[in-house]
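Here is a short briefing to read alongside the sequence and the 3D view. Keep both open and follow the topics in any order you like.

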Amino acid sequence: MSTQILKQESPVLEELLLGAEQIGKLAEQEAQQAEENSSVSDNVVNLMKETEISRIMLPKEYGGPQVSIKEFAAIVRKVANYNISAAWLTYLYPLHNMLPAYLPKAGRDEIINSEGLISDIFAAMGTAVKDGDGYRISGKWNFVSGILHSEWVGVGVKIQFPDKEKPEVCLPILKTSEVEIVENWDTFGLRGSGSNQVIAENVYVPMERILRPDPAEATRKPPEEDYDKDYPFYGVPFYPTFYVGFPSIAIGGAERVIAEFKQMTEKRIRLMDGVRESESPRSQRVLAEITTEFHTAEALMDKYIDLLVDYEKNGATTPNSEFFALRTKIIKICTEIALRALLTLGGGALYKNGPIELFIRDILSVATHKTSLYEDSVAAYGQDLFGFESGVRG
């Protein structure tokens, strides 16, 4: 299936989409190896670097092929057509490499100029103790995607700053050489994401390497007055923009499921009645319905990105819960497409390592991420629609 993502592709985007296709195809070839190793290979990660896709969301002053949010989503979706675990990391590595853009310049330069990849986990499971001009960080965090290939890791802690009434959730960025990595990722889906555990004990982090998401969300700019106004992550709501890749992954995966469903159905003859399934109203109806549902997901994705890009133009009034609800609705639609395809194809789609089996497991796993939970999102959005404060971060 081929769906036009952008009306016009720049030469740079066209080249990056070709790179994304290479990453996806390589990851698909190595899918069984990634399943067994609970991580994509060095080959896949190195290709992300060689194609410069790992650098696409760096500020342009650091020499990367800076792209727009819509282009970023298109690149992630392209990889997801072939392998969702690889798309997960194709989303998260460039995204996390954006985090220094909100640090003071000294921290930004140190991390970006090292040219290392960054992993992160925002859950505030750690502790921070003041030590001179920085803090000593300790804690244990699970679900740290891509940590085996990263040189840096941001970890969630609460810090009580002297000028604040309440502790603030922060993201100190540590060197992975300073932490312990426990390879405990053994899951139903997204196995190739290598989302292992990280343990830090009394690791010193200077203040210039401590990201403060609250000011980033409140001001939508870095902690300085002279900054690049064209950088796509400035001027937009921090968390809803940060989460843009999750529905993009789901859409790319659902697109592949529909293509596989069509191909498998065209060849299929039911033993019970001898009818070629492509000629049967049963599967014709299913294909039509999941395709139109897919178009709905695409339209909602366009709406989501438009609301991000136009956030300040719209008066910065779009509630975080609306982004949350739109994003999870997209993922819910894609999950339902995958399940409908499986239930219509029947037992022949159950065989392990077949594309349907693998894509369905991975799409379902995307839907389990805490930022993808549909029931949570609509409950929060409903609160805001009735004038109550939902308090969600997007």
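A polar contact here is a pair of N or O atoms within 3.5 Å; within protein, one must be able to donate a hydrogen and the other to accept it, and residues adjacent in sequence count only if both atoms are side-chain atoms. Residues are numbered from 1 along each chain as its sequence is written, and side-chain values use heavy atoms, with hydrogens and water left out.

**Confidence**
- The average pLDDT (the predictor's confidence in each residue, from 0 to 100) is 94 for the chain, and 97% of the residues score at least 70.
- Residues 1–5 fall below 50, and this stretch has 11 contacts in the model beyond near neighbours in sequence; a contact means heavy atoms within 4.5 Å.
- Where pLDDT is low, the predicted coordinates should not be read in detail.

**Around S195**
- S195 sits in the loop between β5 (180–182) and β6 (196–206); helices (H or I, at least four residues) and strands (E, at least two) are DSSP runs, numbered from the N terminus.
- With 3% relative accessibility, S195 is buried, where buried means under 20% relative accessible area, exposed over 50%, and partly exposed in between (1.4 Å probe, protein chains only).
- Leaving aside residues up to four places away in sequence, S195 touches W88, F143, V144, S145, N184 and W185.
- The side chain of S145 also makes a polar contact of 2.6 Å with that of S195.
- N142 is 53 residues from S195 along the chain, yet their C-alpha atoms are separated by 7.3 Å.

**The sheet**
- Seven strands form an open sheet with mixed pairing, in the order β5-β6-β2-β1-β3-β4-β7; two strands pair if DSSP finds at least two bridges between them.
- β5 and β7 (210–211) are the edge strands, each with a single partner, so one side of each has no neighbour in the sheet.
- The pairing of β5 with β6 is antiparallel and runs over three bridges, and E180 has I199 in β6 as its bridge partner.

**Salt bridges**
- The whole structure holds 25 salt bridges, each a side-chain nitrogen of Lys or Arg within 4 Å of a carboxyl oxygen of Asp or Glu.
- E110 and R209 form one of them, at 3.2 Å from N to O.
- Because E110 lies in helix α6 (residues 105–113) and R209 in the loop between β6 and β7, this pair ties together parts 99 residues apart in sequence.
- E110 is partly exposed at 32%, whereas R209 is buried at 5%.
- R256 and E260 meet with their closest N and O atoms 2.8 Å apart; they are four residues apart in helix α9 (residues 245–267), which means a separation of about one helical turn.
- Both R256 and E260 are buried.

**Cysteines and T344**
- No disulfides (pairs of cysteine sulfur atoms within 2.5 Å) turn up in the whole structure.
- C170 is buried at 1% relative accessibility, and C334 is buried at 0%.
- T344, in helix α11 (residues 320–345), is buried with a relative accessible area of 13%.
- Beyond residues up to four places away in sequence, T344 touches F261, R268, R270, S283 and V286.

Conventions: This is a predicted model: local features need pLDDT of at least 70, side-chain atom pairs count only at pLDDT 80 or more; totals for chains, interfaces and linings use all residues.
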